[in-house]
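Look over the sequence and the model first.

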Amino acid sequence: MSYTQSVVLGLVQGLTEFLPVSSSGHLILVPLVFGWPDQGLAFDAVTHLGTLAALLAYFRGELRALVAGTLSRRLALLIVVATIPAGLAGLLFGKWIETHVRSALVIAATTAGWGIVMWITDRRAAAAALGGGEPLERVTWGQGLAVGCAQALALIPGTSRSGITITTGLLGGLDRATAARYAFLLSIPITAAAGGLKTLQLLRQGLPPGEGGPLLVAVLVAFASGWFAVWFLVAYVRTRSLVPFVIYRLVLAGVILAVAGPSLFR
């Protein structure tokens, strides 16, 4: 991997991991456009660590409050329990999905399909609740567990973890900002687990020769761009709708089909 590839792919991974636009859609498209080989396990491992660090850095205040008990223990327990569906789904179906479902046609279909669902849901989004207190404290068990079950669907390429979890939060009656914040907090354990697993696999296989420098650049770029994406989205949805992301997803699905389509239908 060259330094140019590491910067571009790290930037794409960091931004699209947290914006509701499908990271897998971009990571299949970028190598096709530039004629690059698949980025491989080493890239997946280090960028997961970079995006995890971005989440921990952005939500450091909330995480400290959960540990100290300033935020309710109920919220901490809810996050732990709501992580279980995605964890089980990953263990049971993760390898099969990576082997059999990671195609451009599937990614284009899910990117567009879930984008339309996001648009329908966003039109009915609840207004931000008035009154004092931390809005995360008002996430109910039903709302939180529904978002946790939806997180399991993010295993399907093109779905977008942030997209499906925020959409489910809106369906459950959360306002946009609370849905986004809860979705990102919920993604911390599963991102840590996925990054840890991939890192263990990488340690067993060994780092490819000459890849250390580019991979370090990739993880730093993924961290910086991931932190920016979380900050931007949480601030954006406080006052604006998700419609621009819906339009982007539909355009992206069309571009994927245009670029990868000829090879699909030969």
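One aromatic cluster is made up of F18, Y58, F59, F184 and W227. The structure holds eight aromatic pairs; rings of Phe, Tyr and Trp (its six-membered ring) pair if their centres lie within 6.5 Å, with planes under 30 degrees apart counted as stacked, over 60 as edge-to-face and the rest as tilted. This is a predicted model: local features need pLDDT of at least 70, side-chain atom pairs count only at pLDDT 80 or more, and totals for chains, interfaces and linings use all residues. Residues are numbered from 1 along each chain as its sequence is written, and side-chain values use heavy atoms, leaving out hydrogens and water.

**F18 and F184**
- The ring centres of F18 and F184 are 5.7 Å apart and the planes meet at 85°, so this pair is edge-to-face.
- The pair links distant parts of the chain, 166 residues apart: F18 is in helix α1 (residues 3–18) and F184 in helix α9.
- Helices here are DSSP runs (H or I, at least four residues), numbered from the N terminus.
- F18 and F184 are both buried, meaning under 20% relative accessible area (1.4 Å probe, protein chains only).

**F59 and F184**
- F59 and F184 have ring centres 6.4 Å apart and planes at 45°, so the pair is tilted.
- F59 sits in the loop between α3 (40–58) and α4 (60–68), 125 residues from F184.
- Relative accessible area is 0% for F59 and 2% for F184.

**T178**
- Helix α9 (residues 176–205) also holds T178.
- T178 is buried, at 4% relative accessibility.
- Not counting residues up to four places away in sequence, T178 touches P135, L136 and V139; contact means heavy atoms within 4.5 Å.

Technical notes
Helices (H or I, at least four residues) and strands (E, at least two) are DSSP runs, numbered from the N terminus. Buried means under 20% relative accessible area, exposed over 50%, partly exposed in between (1.4 Å probe, protein chains only).
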